[in-house]
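Please read the points below alongside the structure.

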Amino acid sequence: MRSFRTYVSLIPLALAGVLLPGAAFAQPSGVLVIAENETPENLDPANATNSTVNQLLIGAYDTLVQFTAGETQVSPRIATAWEISEDGLAYTFTLREDVTFHDGTPLTAEDVKFTLDRLQAASANVLNDMGPFAGAEVVDEKTVVLRLSEPFGPFISALSRIYIVNKALVEPHMGEDNARQFLAVNGAGSGPYQITGYSPTEAVTLRAFPDYWGGWDGSHVEEVVFRYVSEPSTQLSLLQRGEVHIAPDLTVEDKLALMDTPGFKVDIGAAATPLFFAFNTAGEGPTSDPEFRRMLAMTFDRELHLEQVLMGFGNLPDGPLPVGWLGHEPGTEAEFDLEAARALVDENGWAGTNLLVRYLPAIQEEQRAVEQLQSNLSQIGINLQAEGMTWPAQAATVTSIETTSDINMLYNFPSFPDPHAVLNTTFNSALSGANGGYNWSQYSNPEVDELLNAAATSSDPEERAELYRQVQRLVGEDHVVITVSNPGSVVAMAENVSGYVYNAAHHQTFNYMDISLD
Amino acid sequence: MSYVVQRIAFSILSLFILLFVTFLLSQVVAGDPALIAAGPNAGAAKIAELRQQMGLDQPIFVQFGIYVGNILQGNLGTSWFTQQPIARDLMRELPPSLELVFLAMLINLAVSMPMGLLTARFAHTKFDDAVRLVVLAGAGLPVFWIAIILQQVVAGNWGILPIAGRLSFSNRDFSGATGFYLLDSLMQGNLNVFIDTLAHLALPAFALSLLFTAVGVRITRTSMINEFRKDYVTLARAKGAGEGRVMFRHVFANGATPALTVFGMQFGWMLGATVLVEEIFGRPGIGRYAIKAVTQSDIHAVVAVVFVVGVVFLIANLIVDMLVYALSPRKQRAG
């Protein structure tokens, strides 16, 4: 992926105004500018479910445990060790001794408890993924117990998005809104970087915190600037001019071109954000017939999509769960076979059926996938009408079964790399669209629900893997979705950016704390 | 005096009609704000709880009543998205947008007025035809398209002006009391930032002004032509007044009035159109804020933006009306 003509890369390097080449143990130096197309809603750790918020907080706050970039296993951060009680209902964490917040206050068990209490009081979005979390108790200054009302297998993983706030700083601002207004524009963390400038429609600036408890070994940048630029063409111009170093939102064509352009490189991260065509399984329409869905499931050519639409940037999906994940079961989804689908259409007299798909036309990949499906279906006599929408509008249509279209397109963005985050979200009837979730197929299969719930409450990986394999087989037999793709996370950057690694547990963020500019 | 009071009362009434229509529209279009605010995997119970907290379970007329009550107390509410008082958000977003609009308006006036006058004086000549052709082309080009072309060619290829943003990277720490960087930099005597701000404004302001200028030239021309036909012009010429004196002292002074009314309205329209250039030139501003509010179903923020743009529109029109009234010979006779 790297360009071999490295001499030319000296030009943007000079433009970027880098002071010194990165040497080990150097003071953080240089300014890293990252373009981002979506402006952040605010800085509140309660909203860390949103990647535009998460990417700012990931370096400014600490968590008990973490997924570092490139890892799919959770590792200690503020917590040095943890113990899980026999019944799986109590998690006891031992905290590091040397952690201090940016104002010098030591981080203690009180801060962990305060953080979680506040998130509960504020009905925070990050708690949506914390399952049956019940509450926190302080044992002593460096020991905290988190209690659950029932066992929850991925609990430790879910804690990777719980950013610990400084109780002494935040408590006076709790007021009526649980400090939402305060934390929306102020930092209260202990991470390696400190948010120093917040203009949410323009730019956000973070600066290396000199007294960071973790120290500053290796090469790092002194300042990180997120610049909010929505137009892909503007991002490209800024990257070419050397005004930004990382540009994630270019068109696929431009990314492809930059791979062979001296001075630039393109990183392809193995993202795990499957894109689905979700069939309405509960409505009155033709897709409520499993046999009809079996026919539909055979009409999408994933290989062609990967080649022509994603230009090879991604992995071929094999079922809803990304290949290689715990409990992945191969071969559960029907393969592309237009002739077999045509035979079913003829046999059942389905020719002339009208279907409606809703999608987000602003997303290039969705637009093209819809066109591809339309073209294939028209070849076998089925008319697919496409309705492009905005996200809130589309999300509102699935809140009742009656208004759910035959097919909906949506991505799954797992909040941590665990099968629960993909399969439970997409297939549990408790999270159907009508129940405010992302199971937009309105799929309800008591057997699947039971397996998903059993897998969630188990902490034995082998047992969980087997339960998830069964879920995938059942869902495959019911033809609930077509898994369209597993698009890679493709990020274009200047050649002098080193240390960038895609983080599957924090999709659409950047490990700027590990990046340096050569 | 009664005229002034009448105009102001009329403006306030229009504002409330505008508010109500926006409120209604936002209910129809935006989707379910509680669903968006609850985040992924929230579940039905939490969404229902949020809906109640946000007051969305109330009938729309009750919601509107509460909202108007708050506005009357000077409270635009809290954004569900930014968690900040909307008034504070808008105070931050308005200056960059207004700065852009002022400059675009300046370009508009600087071109429309003289071009309108000249094409009226030399109406139906080759010169008039040529200007008309250019103007038609200008009016036909979509703003966002012109913005992209200017950015890619003038800034990107030729490297003459900045590609995007409000200030250069080296000036990123600049801040001022008013938020209008042109004003702030002058107040601080910082000529470097003043020029930098102007350079960043040039392309977006030009792109924004183009369509409005095209209309401006045509409107000015029409009202000037009417003036040229009037008897007093013939009289002035007969009395031997020079053509320059006729054009500027007589025709321009009188013919500018109808055009002025249009320019007043254009000011408000421009503020509504800033979104087209703000997105492309990566500038902060009210347009960008509005887009985010719409896509996040942040109803109160959407209504507040429309309200504020409406207020600016009405104030601009009020000022123009007063100006026209003050200049009008009838009023001079009466008063």
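In chain A, strand β13 (residues 275-279) and strand β18 (residues 481-487) pair in the antiparallel sense over 4 bridges. Within this pair, F277(A) stands opposite I482(A) in β18(A). Two strands are said to pair if DSSP finds at least two bridges between them, and helices (H or I, at least four residues) and strands (E, at least two) are DSSP runs numbered from the N terminus. The model is predicted: local features need pLDDT of at least 70, side-chain atom pairs count only at pLDDT 80 or more, and totals for chains, interfaces and linings use all residues. Residues are numbered from 1 along each chain as its sequence is written, while chains are lettered from A and ligands numbered from 1 in the order in which they are written.

**The six-stranded sheet of chain A**

- Strands β13 and β18 belong to an open sheet of 6 strands in chain A, ordered β14-β18-β13-β17-β15-β16, with mixed pairing.
- Its edge strands, each pairing on one side only, are β14 (314-315) and β16 (383-388) of chain A.
- In general, strands of a sheet pair through backbone hydrogen bonds, either parallel or antiparallel.
- Helix α10 (residues 302-309) of chain A lies across β14 and β18 of chain A and runs at about 30° to β18(A); axes are lines fitted to C-alpha atoms, for helices over the stretch in contact, and angles run from 0 to 180 degrees between N-to-C directions.
- Helix α12 (residues 364-379) of chain A lies across β13, β15 (354-359), β16, β17 (407-411) and β18 of chain A, at about 165° to β16(A).

**The four-stranded sheet of chain A**

- Another open sheet in chain A has 4 strands in the order β4-β5-β7-β6, with antiparallel pairing.
- Here β4 (79-84) and β6 (133-140) of chain A are the edge strands, each pairing on one side only.
- From one strand to the next, the twist averages 20°.
- Strand β5 (residues 90-95) and strand β7 (residues 143-148) of chain A are antiparallel partners over 5 bridges, and T92(A) stands opposite V145(A) in β7(A).
- Helix α3 (residues 109-121) of chain A lies across β5, β6 and β7 of chain A, running at about 165° to β6(A).

**The domains of chain A**

- Chain A is divided into domain 1 (31-263 + 495-517) and domain 2 (275-488); such bounds come from an automatic or database domain assignment.
- The centres of these two domains of chain A, taken over C-alpha atoms, are separated by 31 Å.
- Their contact takes 22 residues from domain 1 of chain A and 16 residues from domain 2 of chain A, where two residues are in contact if their C-beta atoms, placed from the backbone, lie within 7 Å.
- On the side of domain 1 of chain A that touches domain 2 of chain A, the elements giving two or more residues are α4 (155-158) and α8 (252-258) of chain A.
- The residues on that side of domain 1 of chain A comprise 10 nonpolar, 9 polar and 3 charged; Ala, Val, Leu, Ile, Met, Phe, Trp, Tyr, Cys and Pro count as nonpolar, Asp, Glu, Lys and Arg as charged, and the others, Gly among them, as polar.

**Chain B**

- The secondary structure of chain B consists of 14 helices and 0 strands.
- Of the 335 residues of chain B, 40% count as buried, that is, 20 or more other C-beta atoms, placed from the backbone, lie within 10 Å of the residue's own.
- The domain assignment of chain B gives domain 1 (1-73) and domain 2 (86-327), and 18 residues of domain 1 of chain B are in contact with 16 residues of domain 2 of chain B.
- On the side of domain 1 of chain B that touches domain 2 of chain B, the largest share, 12 residues, comes from α1(B).
- An unreviewed UniProt entry lists residues 94-324 of chain B as "domain: ABC transmembrane type-1"; UniProt positions are given in the numbering used here, feature names are shortened, and annotations may be inferred rather than shown by experiment.
- Over residues 94-324, chain B is 80% helix and 0% strand.

**The interface between the chains**

- In the model, 39 residues of chain B are in contact with 42 residues of chain A.
- The largest share of the side of chain B that touches chain A, 5 residues, comes from α3(B).
- By class, that side of chain B has 17 nonpolar, 14 polar and 8 charged residues.

Terms used
A residue is buried if 20 or more other C-beta atoms lie within 10 Å of its own, exposed if 12 or fewer, and partly exposed in between; C-beta atoms are placed from the backbone.
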